[in-house]
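Subject: Structure for your files

Hello,

Please read them alongside the coordinates.

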Amino acid sequence: MLSSFLKASKEIVYNERFSLSNGFLQSIDPRVKVFSFTAFILVAIVSKSILPLITLVTMTFIFSIASKIPLRFFTLRTAFALIFVALIALPLPFVTPGSPIATIGNNGYLISITSEGLFKALQFVLRVWACITPLILLTLTTRFSSLIHSLERFRVPRVFTNMMSVTYRFIFLFIDEAYRMILARESRTVRGESCLRATKALASMMSTLFIRSYERGERVYLAMMARGYEGNIRSITRMSINGRDMIFGFFAIAMCMMIISLEYLHIGVV
Amino acid sequence: MSDLAVDVKDVKYVYPDGCVALDSVDIRVVRGERVAILGPNGAGKSTLLMLIDGLYRPSKGSVHVLGMPTNGNTHKVRMKVGLVFQDPNDQLFCPTLWEDVAFGPLNMGLDEEEVTRRAEDALKAVGLYGLKDKAPHHLSAGEKKKATIASVLAMNPEVLVLDEPTANLDSKSRIELIGLINNLHRRQRITLVVATHDLDFIPMVADRAYVLNRGHVVAEGALEDVFSDSKVMEESGLEPPTLTKLFDLLNRFTGFDAVKPLPLTIDQALHEIRHYLAKSRLEPQVRRAVPKES
């Protein structure tokens, strides 16, 4: 079970299939994408009503289709996170004060579902969805290296971007290492074992993995120093913004403005 | 300028946990030489290479590279010495291959044009230019090894230091690696220091060897001499190359009379056999001594 989970996560993290295909968003400059998608997320955070959130999600889905990402795959990827969000939102209809629309229980102990609560739950789920869909779309259509470079262009501290890129590079090895350890263990496990023993084994595996990654970190650091590393990673990036990128950027800003004005003119209040 | 590329004088190295990795080690490598550091696992080979690259400081004694002491010149020394680590995964840490190769030149403070040129040249030299935008985790083991060599070549090192270069390589990658290393040696007169326990590989990339065992240099000299010193070889847990062993057995148990030092490479062996066949044509009675199976 654990091994298949590791395999799946590796597949998700490392699949560059879509970012290398020739869809619409793939052709847009990563900096423009990072900027526009951050704007979308900000709009999603400040929106209080449901229509702007739905507009955002719909727009993201249209972009994903234009970027040649299979609709089913994209829906599943974004909906996966919603399972957890829905769990968090579950109590909301019951605990929010307001006008009850349904009541469970007898006279003494009443639990009622309020319309305000339902609205709140729906709003919460939609908002999270509107935040994660642009993020997922961005990472699907952009190569990780370009993403890091555009963050650097936006003055995200180097410590942060360096850490991200090194983490990204070594998660792969880490997963492989864990996978091999699990396989090695499974190959020596003949009968089913008790939960306690399995947990103990997992704990010792984790400590071994920790030591191995610590040692790997030391060696990577030495290898970096061997090539003249003295505290900061320099890089050369060649990115250019053309007319198409500009149009996309302006379109994105215009969309955000429109959604926010919808919100404040109370046109789209549901 | 000093004639010595690497000069290790009476070096002792003690790890922080008190374990003595090297003791009274003396190693001298002349510029343009190809030298092997041989020894079993845990003999201190990697530690020695770290000392040569100025990554570790000797606890006692001194290490000079191209006339400069590594103490106090670490940055300069690291620019001149290209150290290729055993595990390519330790060395390739950037999101793309191109960035990994450009990492060294960028640290040298070169301008963008020069960095680009050097990175391109290095990638072309190892034949990986077509893969420059690939992520390291999508490369094969052989490609990764070549990539690490490109990443140090881009710094134009004068001394190339390789730690177990054939570890985890298939035979095709091995052959390519040997070709690559020797090309560099021939064209750029680069000094080679190769640490390994793969003795079938070493005759193709080195002329002279030091044998390390438990932190001490136990033998040094031309490869042929080192390999024929069976006592040292056995004590150090090293096995002579298959060819050398074969000719040793032929000498001992058949009428075959290979000239010492015994052949180390296929070319030398071929020469030996031709020589023997020519001789046996002149003296037919020798022919019977050759085992039929061979």
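This is a predicted model: local features need pLDDT of at least 70, side-chain atom pairs count only at pLDDT 80 or more; totals for chains, interfaces and linings use all residues.

The expected span of a helix is 1.5 Å times one less than its number of residues.

Chain A, helix α3

Helix α3 of chain A covers residues 50–66, 17 residues in total. From first C-alpha to last it reaches 25 Å, close to the 24 Å expected. Its buried residues are Pro52(A), Leu53(A), Leu56(A), Val57(A), Thr60(A), Phe63(A) and Ser64(A). Viewed down the axis of α3(A), these fall within an arc of 135°, so they line one face of the helix. The face turned away from the buried side carries Thr58(A), Ile62(A) and Ala66(A), which are exposed. The cover over the buried residues of α3(A) includes α2 (30–46), α4 (71–89), α6 (115–141) and α10 (243–264) of chain A. Just after α3(A), Lys68(A) takes a positive phi of about 60°.

Chain B has an open sheet of six strands, in the order β6-β7-β8-β3-β9-β10, with mixed pairing. At the edges are β6 (81–84) and β10 (216–222) of chain B, each pairing on one side only. From one strand to the next the twist averages 15°.

Strands β7 (159–163) and β8 (191–196) of chain B pair in the parallel sense over five bridges, and Val161(B) stands opposite Val193(B) in β8(B). Helix α6 of chain B (141–153) packs on the sheet and touches β6 and β7 of chain B. The direction of α6(B) makes about 165° with that of β6(B).

How much of β3 of chain B (34–38) is buried? Five of its five residues are, so β3(B) is largely enclosed by the rest of the structure. In a regular strand the side chains alternate between the two faces of the sheet. For β3(B), Arg34(B), Ala36(B) and Leu38(B) are on one side, Val35(B) and Ile37(B) on the other, and both faces are covered.

β3(B) pairs with β8(B) in the parallel sense over five bridges, where Ala36(B) has Val194(B) as its bridge partner. Four bridges join β3(B) to β9 of chain B (208–213), and this pair also runs parallel. There, the bridge partner of Val35(B) is Arg208(B).

Regards

Terms used: Residues are numbered from 1 along each chain as its sequence is written. Chains are lettered from A and ligands numbered from 1 in the order in which they are written. Helices (H or I, at least four residues) and strands (E, at least two) are DSSP runs, numbered from the N terminus. A residue is buried if 20 or more other C-beta atoms lie within 10 Å of its own, exposed if 12 or fewer, and partly exposed in between; C-beta atoms are placed from the backbone. The arc is that of the directions from the helix axis to the C-beta atoms. Two residues are in contact if their C-beta atoms, placed from the backbone, lie within 7 Å. Two strands pair if DSSP finds at least two bridges between them. Axes are lines fitted to C-alpha atoms, for helices over the stretch in contact, and angles run from 0 to 180 degrees between N-to-C directions.
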